[in-house]
Amino acid sequence: MRATESLLAARQRLELACAQRPGDPALVTELLSVLEQLDAYDQALGVIAAAIEHCPGDCSLLLSRARISTYLGEFVAARETYAEILQTEPGNVAALCAMVMLGHGNEIGGLAGVEARLAAADLSPRQRALLGYARARLLEEDCRFDEAFSAFREANAARAAAGGMNVAAKQRGARIVLADIDPAVIERCSGRGNRSERPVFIVGMPRSGTSLTEQVLAAHPDVYAAGERLHWGALLAGLVRSAPVGSGSMVDAIDQLHSGVWEHAGQDYLRHMAELNSVALRITDKLPANFALLPFIRLIFPRADHSCAARSLATIASCIKAPFSDPSLAFTVEDWARFTAFPGPARAVATPVGGADAGVGLRGPGL
């Protein structure tokens, strides 16, 4: 069963279960996770509102409401919800950190308030790291830049210590992909993929402008923004697992599965995207980390457009200051610097027009 179909089936089951057991926090949390993966944010807010009627003042529900409000750009509503949480739980770390990140640190006692909470002995490593980000942000606002950088370094290290992506392993994997899919392989497999021009792949570093790029493209009436689709990793992993052993390169091994393997992979992806939108002429797929998979994606969609967002070192500074919720983006400052080497594979396939720091480049079938 394809991913979107699985999510829709899960949504149906969970909505029925929530109707039978309204206010069950575990069920609500599962349903919210599914709705967010389906980009059904308005429906998610409705689920939260209904649950709060049964469990008024539940901080986990309020945190979910504030998080979704922030994602939707409703920052006033988010701030009001975080303030409501802090009235009930003055020491709620997630709400304290969020207030600082929204620019309302003065409402929680500023730097002194955060440092007082950091002195508590009952903090988990994740809570201590979140408060470290808040402290660093407040030091930066106070123009104490050297102290702020040290604080950001400590917060990043604390998050990374709790588990994150192995940057060195990812770099080795990217080099293997580049070595495996050389021009000779692309030439040998030329013409075997899906000829559709409908997908537009947007990749790059986190905080490099991929979301803005998608929003700009989606302003055109013939473009639909599908957001971050978690499709390619699972699809390619399945192909690799199914490929015969001892067939030379990874691409050659996959190519031996059956005569239409690349075309069929493209058809499966197009069906997946059609479930989101079947009308728009173009549909964007914005997952920054897909840059490491672009060589494979090109074999499957040789005529698709790719946009690689690239910025200056300001991107690293932005990443260092962002307490990403995704644990796979928990890096030390040094690993954030190493992570900038990752777009190398993307540039080998989709080079930004005008140079490596020119912004966003869009390249089409003539790659």
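**Exercise 1.** Is D122 buried or exposed?

*Solution.* The model is predicted. Step 1: the relative accessible area of D122 is 56%. Step 2: exposed residues have over 50%. D122 is therefore exposed, given its relative accessible area of 56%.

**Exercise 2.** Identify the salt-bridge partner of D122 and classify that partner by its accessibility.

*Solution.* Step 1: D122 pairs with R117, and their closest N and O atoms lie 3.4 Å apart. Step 2: the relative accessibility of R117 is 18%. Step 3: buried means under 20%, so R117 counts as buried at 18%.

**Exercise 3.** Describe the salt bridge between R135 and E115, and locate both residues.

*Solution.* Step 1: the side chains of R135 and E115 meet at 3.0 Å, N to O. Step 2: R135 belongs to helix α8 (residues 125–141) and E115 to helix α7 (residues 110–118); the two residues are 20 apart, and the pair links distant parts of the chain. Step 3: R135 is partly exposed at 23% relative accessible area, and E115 is partly exposed at 33%.

**Exercise 4.** Explain which parts of the chain the salt bridge between D305 and R282 ties together, and name the network that includes this pair.

*Solution.* Step 1: the closest N and O atoms of D305 and R282 are 2.6 Å apart. Step 3: D305 counts as buried at 12% relative accessibility, whereas R282 is partly exposed at 25%. Step 4: through shared partners, salt bridges join E197, R282, R303 and D305 into one network.

Conventions. Residues numbered from 1 in each chain as written. Predicted model: local features only at pLDDT ≥ 70, side-chain atom pairs only at ≥ 80, totals over all residues. Heavy atoms only, no water. Salt bridge = Lys/Arg side-chain N within 4 Å of Asp/Glu carboxyl O. Helix = DSSP H or I, 4+ residues; strand = E, 2+ residues; numbered from the N terminus. Buried < 20%, exposed > 50% of the residue type's maximum accessible area, 1.4 Å probe, protein only.
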